Amino acid sequence: MENMKRNICIIGNNANGAPITDGGRIKLRLYQTILNENGYHVSMIDLYGWTKHIFSIIHKIKKAIKENDSIIIMAGPKGCRFIIPLVNHYNKKYQKKIIFSALGVGTLDSLLAKMSPEKAKDFLLGNTGSIKDEKMSKHLKKLTYVLVENETLLKCYKNFYHLNNVYILNNFRNIEIQPREYPKWENMQIIFFSRIIENKGVLDLMKAVYELVNKEHLNITLNLYGEMQLTSEGKKEFDSYLINSSIIYHGQISPDQGVITIKNNHLFCLPTKYHGEGTSGALVESMIAGTPALVSSYSQAKDLIHNQEDGIIFELNNYDDLVNKIRFCYENYELLKKISHNVQVTAKKFVFSTYKDEFFDFMTGVKKDEDSHCDC
């Protein structure tokens, strides 16, 4: 590990210090806390509302590059495409260590947003076709490290941007795994813990549980947690399902309550409709908690879940398969009990203590062998 007196600046959206549940901001604050607690001096350039005060951000970045040993860019999908070239421009003189820790799919997000679901899946799995992003490729090559969260993104960044400075640093939580005795149930408790927004598949999940409870009389309760971000039409549909006492919206909870809240449930569900969904922090927390996860088959799901071994996968955007898989979970307690044990074994690669030395090496800019990556 490097000298503990190093100065590090993180550039990202810290929500002006307000309470947050967004995965990217949780990750940013976690990195800041770990580095501070381990003797590094960490400053922050908060990108909250950055488009309204761009000149101030530019001034802060120029000063940060001059005064710090390392710069960690944790800007969101849109912001990173502006911040990375800006940092590179002002770093020409100083040649400081610059690390881009991608949130979700990082710089690829704006490209994926223009694609159909089928094309986005092919792209992320390696079929980039004639799509080009040469300007961003040039800027990413100038960075010390580009850090992505899983094997799919590693291959995509390497192949699409032609990089040899990209590595895996798994999304993680700084918590120790407490072995779980998976409980029997009379009423199966399912938890959705994410932003309440259409592309997370929350409305499909609510509809599925509503039908299974009212038409098939299964004894299920759906517990919903997260920040409300639905459209007005989506909110009307959301509210219509809350009439049923088996579907409960609990509002937001603090990030430090995530694991214990998920542990109080029998099944975690991430029915995302977005092919570019990354390594969800809530999914990581479900693994640590030993709560089996039911996830859609988005492009990176296979990096996280082995079907019926440490989780259950249903077909993306297939409502009938979602219903069938929830019913399957309800009827297969012994399998879920086995998954609960297995997933806590898998979770070891998503806790900080597993690879803390590699984390500090990456974050402080220590040069690593180009053929290696942290995938512990």
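What follows is a short tour of a predicted model.

## Two helices side by side

Let's begin with helix H8, residues 202-214, and helix H9, residues 232-241. Angles under 35 degrees count as roughly parallel, so that's what H8 and H9 are to each other. As for handedness, H8 passes H9 in a left-handed crossing.

Who meets whom here? From H8 come Leu 203, Met 206, Lys 207 and Tyr 210, and they meet Gly 234, Glu 237, Phe 238 and Tyr 241 of H9. Sorted by class, that contact has 5 nonpolar, 1 polar and 2 charged residues.

Search the whole structure for cavities of 30 Å³ or more and you'll find 1. The largest cavity holds about 60 Å³ of space.

Its lining includes Gly 201, Asp 204, Pro 271, Lys 273, Phe 314 and Tyr 319. Taken by class, the residues lining this largest cavity are 4 nonpolar, 5 polar and 2 charged.

Next up is the second largest pocket, with about 410 Å³ of space. There are 20 residues lining this pocket, and the closest to its centre are Arg 173, Ile 175, Pro 255, Asp 256 and Glu 285.

Which elements give two or more residues to the lining of the second largest pocket? They are helix H1 (23-37), helix H10 (258-263) and helix H11 (281-289). The pocket's lining divides into 9 nonpolar, 5 polar and 6 charged residues.

How values were computed. Residues numbered from 1 in each chain as written. Predicted model: local features only at pLDDT ≥ 70, side-chain atom pairs only at ≥ 80, totals over all residues. Heavy atoms only, no water. Axes fitted to C-alpha atoms, helices over the stretch in contact; angles between N-to-C directions. Helix = DSSP H or I, 4+ residues; strand = E, 2+ residues; numbered from the N terminus. Parallel < 35°, antiparallel > 145°, perpendicular 65-115°, else oblique. Left-handed = near helix turned anticlockwise from the far one by under 90°. Contact = heavy atoms within 4.5 Å. Nonpolar A, V, L, I, M, F, W, Y, C, P; charged D, E, K, R; others polar. 1 Å grid on protein atoms, 1.4 Å probe; cavity = no way out; pocket = protein on both sides within 12 Å on 5 of 7 lines; lining within 4 Å. Points joined across faces, edges and corners; volume = space filled by probe spheres on them.
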